[in-house]
Amino acid sequence: MTRKSNRIFSGVQPTNNLHLGNYLGAVRNWVRMQKDYECIFCVVDLHAITLWQEPAALRQNTREVAAAYIASGIDPDASIIFAQSQVSAHAQLAWILNCVARLGWLNRMTQFKEKAGKNRENASVGLYAYPVLMAADILAYKGTHVPVGEDQKQHLELARDIAQKFNHDYKVDFFPLPEPVIGGPATRVMSLRDGAKKMSKSDESDYSRINMTDDADTIALKFRKAKTDPNALPGPESLDERGEVKDEALAARPEAFNLLSIHAALSDASLSETVNRFAGMEFSRFKGELTDLAVAKLGPINSEMKRLLSHPDEIDALLRKGAQRAQTIALPVLRQVEEIVGFLH
Ligand code: TYM
């Protein structure tokens with residue numbers, strides 16, 4: 001990536017609690033990028049209402065995600081932090097892109113299938129069109145790189161397809177094709193109760209995830225109760241020659257490797273270093289070490305979030321300022337798109 005021509009865009013939905021997966025898979029990686037690139041980080045409240053949200057809770061969660069960004073180390077002066085609904089270009093561009101995206105493309109989206117569940121007829125139209133809004137989020141800023149967790153990969157491929165089809169249909173070289181940035185040992189943090197399921201805000205068991213608002217005792221309790229297997233921790237025999245976990249080892253002990261990946265990410269180590277370090281240790285001891293590490297890393301973020309959230313007016317003002325800055329980038333892009341499409345000005 002070269003410094004000047006790149007623009008980073010990413011976002012988190014303000015639904016329920018922000019958890020360790022969101023932090024390790026996304027937000028933490030953003031903190032590093034803001035030093036070298038122009039960054040725009042959005043609290044995607046338009047996305048949140050694709051599933052029912054209690055209005056008061058949505059407001060609170062929007063502030064909470066903004067507070068988590070800042071407490072994690074995003075500098076609101078260096079980067080742009082804002083709420084999606086405060087920049088109307090997102091919804092306006094999404095409509096135009098709805099007319100570019102194809103039904104067949106959306107029909108392939110696995111996250112819609114998961115979220116709509118069995119009762120698909122009753123899912124909102126917004127939930128179905130959601131990936132197009134996500135493409136609009138990025139393309140309204142001509143975003144070039146999008147740091148996300150593994151689960152957003154398919155949506156980003158769709159964003160690229162939409163950008164490409166727009167350029168092709170209108171015979172322009174207008175939108176860059178945004179590239180996913182998915183890396184590190186924790187691109188897919190799994191549930192603490194079931195190593196086959198992703199850690200998620202919507203899991204009904206709170207024991208399945210570490211929330212960014214959990215205190216030290218809760219973190220300790222959740223790791224203590226985390227599902228494991230009866231054996232000691234795996235060692236180097238589980239790694240291939242590139243230092244990656246062998247497929248069969250991962251399939252046999254998903255919970256063990258999930259906890260190891262969390263430790264690796266929190267301690268800025270690679271997974272292979274972490275596997276070698278804890279090879280043969282009893283889970284009870286390892287869980288104690290993991291708890292100490294998580295509390296040391298998340299504790300300061302947790303207390304800074306609390307401090308920020310005790311001044312909601314300041315967060316609201318900061319988001320409004322961010323929206324104004326975002327608008328100065330997105331509006332000219334939208335105007336150009338309208339021109340390309342043939343709307344009068
Ligand atoms: P959301 O709110 O579900 O998640 C926010 C970010 O956290 C990552 N993530 C995870 N990473 C690792 N392990 C997990 N268990 C885990 N769970 C979530 C997600 O990959 C994501 O990076 N559609 C997006 C929000 C969005 C967006 C955008 C992102 C809207 N517009 C434009 C990038 C660019 C979403 O629902 O993320």
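Author: The crossing of helices H11 and H13 is left-handed. The model is a predicted one.

Reader: What makes the crossing of H11 and H13 left-handed?

Author: A crossing is left-handed if the near helix is turned anticlockwise from the far one by less than a right angle. The axes of H11 (residues 254-266) and H13 (residues 283-309) cross at roughly 35° and come within 10 Å. The crossing of H11 and H13 is therefore called left-handed.

Reader: Which residues of H11 and H13 make the contact?

Author: Among them are Leu-259, Leu-260 and His-263 of H11, and Phe-286, Leu-290 and Lys-297 of H13. By class, the contact has 10 nonpolar, one polar and two charged residues.

Reader: Why is the pair of Phe-174 and Phe-175 called edge-to-face?

Author: Planes over 60 degrees apart count as edge-to-face. The planes of Phe-174 and Phe-175 are at 70°, with ring centres 4.9 Å apart, so the pair is edge-to-face.

Reader: How do you know whether Phe-174 is buried or exposed?

Author: Buried means under 20% relative accessible area. Phe-174 has 10% relative accessibility, so Phe-174 counts as buried. Phe-175, at 2%, also counts as buried.

Reader: What makes both faces of strand E3 count as covered?

Author: Ile-80 and Phe-82 lie on one side of E3, Ile-81 and Ala-83 on the other, and all are buried. Strand E3 also pairs with E2 in the parallel sense, over four bridges.

Technical notes:
Residues numbered from 1 in each chain as written. Predicted model: local features only at pLDDT ≥ 70, side-chain atom pairs only at ≥ 80, totals over all residues. Heavy atoms only, no water. Axes fitted to C-alpha atoms, helices over the stretch in contact; angles between N-to-C directions. Helix = DSSP H or I, 4+ residues; strand = E, 2+ residues; numbered from the N terminus. Contact = heavy atoms within 4.5 Å. Nonpolar A, V, L, I, M, F, W, Y, C, P; charged D, E, K, R; others polar. Buried < 20%, exposed > 50% of the residue type's maximum accessible area, 1.4 Å probe, protein only. Pairing = 2+ DSSP bridges. Phe/Tyr/Trp six-rings, centres within 6.5 Å; stacked < 30°, edge-to-face > 60°.
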